[in-house]
Amino acid sequence: MIREKAIFIKLNQLHYSDRQLFDAAVAGFKPSSCGCPKCGAVGRLSRIRPYRRFMVSAEHGSRSDTELIVPRFRCGSCGCTHALLPDSLIPFGSYSLRFVLTVLLAYLNRSDTVADFCDHWQIAVSTLYGWIHLFRSQYNAWCRILDRILWVTQKSLDSVSDFPAFPSDFLSRFGFSFLQGHRASPSVSLQRIDRRRRPWVT
Ligand SMILES: [Zn+2]
């Protein structure tokens, strides 16, 4: 997979839709100067048949579903194929990074019940709590010990959204994207706290 930087400014100040970010990142990608993620050979990527995937993004306070054509490339040196995925998207899923962060922020400020809230965003309750768990564990792995959180907070959401290089920094540090479910996801120590406190079932 080739990750292309699409987010250059603060997420919460972006005036572009996720669709526009995707299109701009794809249009700006130059395979002739890109190294193969597998073998490192530069300028050996040839465009092959793309694939279609859905993207779920947030627009004007609601969910918006759109279909993307994701470019793919084959390396002429090692033969591996790679999809081009801007860092505004979370790999191996349909939800954009901004969609998940928008839902988490709305969750903090909701007046609805959790069930009604999830109906509005068309997500399962288990999906919401899965995101909260991922956010908390991956955020805690990324930040300093003193800044660690027990539950998603306004301050932690702000610090992620205010740091333009956060998606690419997180990827280069851990080897997978923020909020991407991953078996190597560093959730570790806080899982013990979860079992005692379980704030999401209160
Ligand atoms: Zn290669």
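The model is predicted. The chain contains 7 helices and 4 strands, arranged along the sequence as β-α-β-β-β-α-α-α-α-α-α. Of its 202 residues, 26% count as buried.

- The 4 strands build an open sheet with mixed pairing, in the order 1-4-3-2.
- Strand 1 (2–4) and strand 2 (45–59) each have a single partner strand and stand at the edges, so one side of each lacks a neighbour in the sheet.
- On average, neighbouring strands of this sheet are turned by 25° against each other, with direction ignored.
- Strand 4 (residues 81–86) pairs with strand 1 in the parallel sense, over 3 bridges.
- Within strand 4, leucine 85 is the bridge partner of arginine 3.

**Nonpolar core**
- The largest nonpolar core comprises 33 residues, of which Leu97, Val100, Leu104, Phe135 and Leu179 touch the most other members.
- Two or more residues of this core come from each of helix 1 (18–28), helix 2 (97–108), helix 4 (125–142) and helix 5 (154–161), as well as from strand 2, strand 3 (62–75) and strand 4.
- Helix 2 supplies the largest share of this core, 6 residues.

**Contacts**
- Beyond its neighbours within four places in sequence, leucine 97 is in contact with Ser88, Leu89, Ile90, Pro167, Phe178 and Leu179.
- For the chain as a whole, 64% of the contacts between residues at least 6 apart in sequence join residues at least 24 apart.

Methods: Residues are numbered from 1 along each chain as its sequence is written. This is a predicted model: local features need pLDDT of at least 70, side-chain atom pairs count only at pLDDT 80 or more; totals for chains, interfaces and linings use all residues. Two strands pair if DSSP finds at least two bridges between them. Axes are lines fitted to C-alpha atoms, for helices over the stretch in contact, and angles run from 0 to 180 degrees between N-to-C directions. A residue is buried if 20 or more other C-beta atoms lie within 10 Å of its own, exposed if 12 or fewer, and partly exposed in between; C-beta atoms are placed from the backbone. Two residues are in contact if their C-beta atoms, placed from the backbone, lie within 7 Å. A nonpolar core is a set of buried Ala, Val, Leu, Ile, Met, Phe, Trp, Tyr and Cys residues joined through C-beta atoms within 7 Å.
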